[in-house]
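Try each task yourself before you read its solution.

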Amino acid sequence: MNRAFNRKKDKSWMHTPEALAKHYIGYNAKFLGNTEVDQPKGTEVVKDAVRKLKFQRHIKKSEGQKTPKVELQISIYGVKILDPKTKDVQYNCQLHRISFCADDKTDKRIFTFICKDSESNKHLCYVFDSEKCAEEITLTIGQAFDLAYKKFLESGGKDVETRKQIGTLQKRIQELETENSDLKTQLQDLEEQLKISPVPPAVCIKQGGSLNMKPQSTDVFDMVPFSAVTPLVPIPASNGTPPPPPTTSPPDIRKDLFGAEPFDPFTCGSADFPPDIQSQLDEMQEGFTMGLTLEGTVFSLDPLGSRC
């Protein structure tokens, strides 16, 4: 498994981009299992994992247990491991979490890849036994990673920092809206208190050279009686015509507060804007920057950090 696979970047892949972008490539294999490893890359790392899982499988076989069969569905969205009969997804390994993929030169059936678990953040090595398709499956995973990386750069990756800033501003706007709502509630409470215990304004009455403060009388509606001295004169609108009623257009639910389409790392289309967009982008950026080592060849086209 220490063989270096020589493949130029400009050499054509074995599948069309549409097959991996719009559909998936399926393979049948036997699943030897997965085991935790301490490194995201390395030939010796996967060697030890294969040796360990083969030994465990040999013991289970001696006990009468068969090696389970699985179906692999490879696309730009990851590597799905399914039950071939029920189609239940057992594992869903996203490509930016896969850091190493290799096939055994001494055993054409064995191939393996290392993937970072989304929940525990531990590196797990998955080992499979295929019918002499190990190299083809390895290359298919490499091609899917290559396409996913390009799409990430073309859509979400090239404006990661801008999206981060938008997310921060949106969070601040939500905080301000909450604060504004609280202030409105407090203001309404104060108005209710004033209605319950009104204090009528006082007027000055001059009697015999002295000023006496006398509360101003109100009507049955607790309003100051109308005085003809200060008539209410309507203010004419500009150009002598009343202003038109304000018009508001309904917000476009498909856009955020800044008029941008909701973020999706590949399509930037109809998906909802994720609340933890910053952490997700950081995770994808870190995974694609690390790249996928395929038999010693790294399929990371350019440093991602220089494109953001």
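**Exercise 1.** Work out whether serine 99 is buried or exposed, and list what surrounds it.

*Solution.* Start with the cut-offs: buried means under 20% relative accessible area, exposed means over 50%, and partly exposed is in between (1.4 Å probe, protein chains only). Serine 99 has a relative accessibility of 2%, so it counts as buried. Before going on, a word on the model: it is predicted, so local features need pLDDT of at least 70 and side-chain atom pairs count only at pLDDT 80 or more, while totals for chains, interfaces and linings use all residues. Residues are numbered from 1 along each chain as its sequence is written, and side-chain values use heavy atoms, with hydrogens and water left out.

Serine 99 sits in strand β5, residues 98-103. (Helices, H or I with at least four residues, and strands, E with at least two, are DSSP runs numbered from the N terminus.) Then look for contacts, meaning heavy atoms within 4.5 Å. Skipping neighbours within four places in sequence, serine 99 touches Pro40, Lys41, Ile114, Met290, Gly291, Leu292 and Thr293.

**Exercise 2.** Find out which residues of helix α2 are buried and what they pack against.

*Solution.* First check the helix itself. α2 covers residues 43-62, 20 residues in all, and spans 29 Å from first C-alpha to last, close to the expected 28 Å. That expected span is 1.5 Å times one less than the number of residues.

Now pick out the buried positions: Val45, Val46, Ala49, Val50, Leu53 and Arg57. They cover an arc of only 120 degrees around the axis, so they lie on the same side of α2. (The arc is taken from the directions from the helix axis to the C-beta atoms.) On the other side of α2, you'll find Glu44, Arg51, Phe55, His58 and Ser62 exposed.

Then see what the buried residues meet: they pack against β1 (25-37), β5, β6 (110-116) and β7 (123-129). Finally, step off the end of the helix: α2 is followed by glycine 64, with a positive phi near 95 degrees.

**Exercise 3.** Classify the ring pair of tyrosine 91 and tyrosine 126, then do likewise for phenylalanine 111 and phenylalanine 128.

*Solution.* Here's the rule: rings of Phe, Tyr and Trp (its six-membered ring) pair if their centres lie within 6.5 Å; planes under 30 degrees apart are stacked, over 60 edge-to-face, and the rest tilted. The structure has seven aromatic pairs. For tyrosine 91 and tyrosine 126, the ring centres are 5.5 Å apart and the planes at 80 degrees, so this pair is edge-to-face. Tyrosine 91 is in strand β4 (residues 89-93) and tyrosine 126 in strand β7, so the pair ties together parts 35 residues apart in sequence. Tyrosine 91 is partly exposed at 31% relative accessibility, whereas tyrosine 126 is buried at 4%.

Now the second pair. The rings of phenylalanine 111 and phenylalanine 128 have centres 4.9 Å apart and planes at 10 degrees, so they count as stacked. Phenylalanine 111 belongs to β6 and phenylalanine 128 to β7, so this pair ties together parts 17 residues apart in sequence. Both of these phenylalanines are buried. To finish, zoom out: ring pairs link Phe31, Tyr91, Phe111, Phe113, Tyr126 and Phe128 into a cluster.
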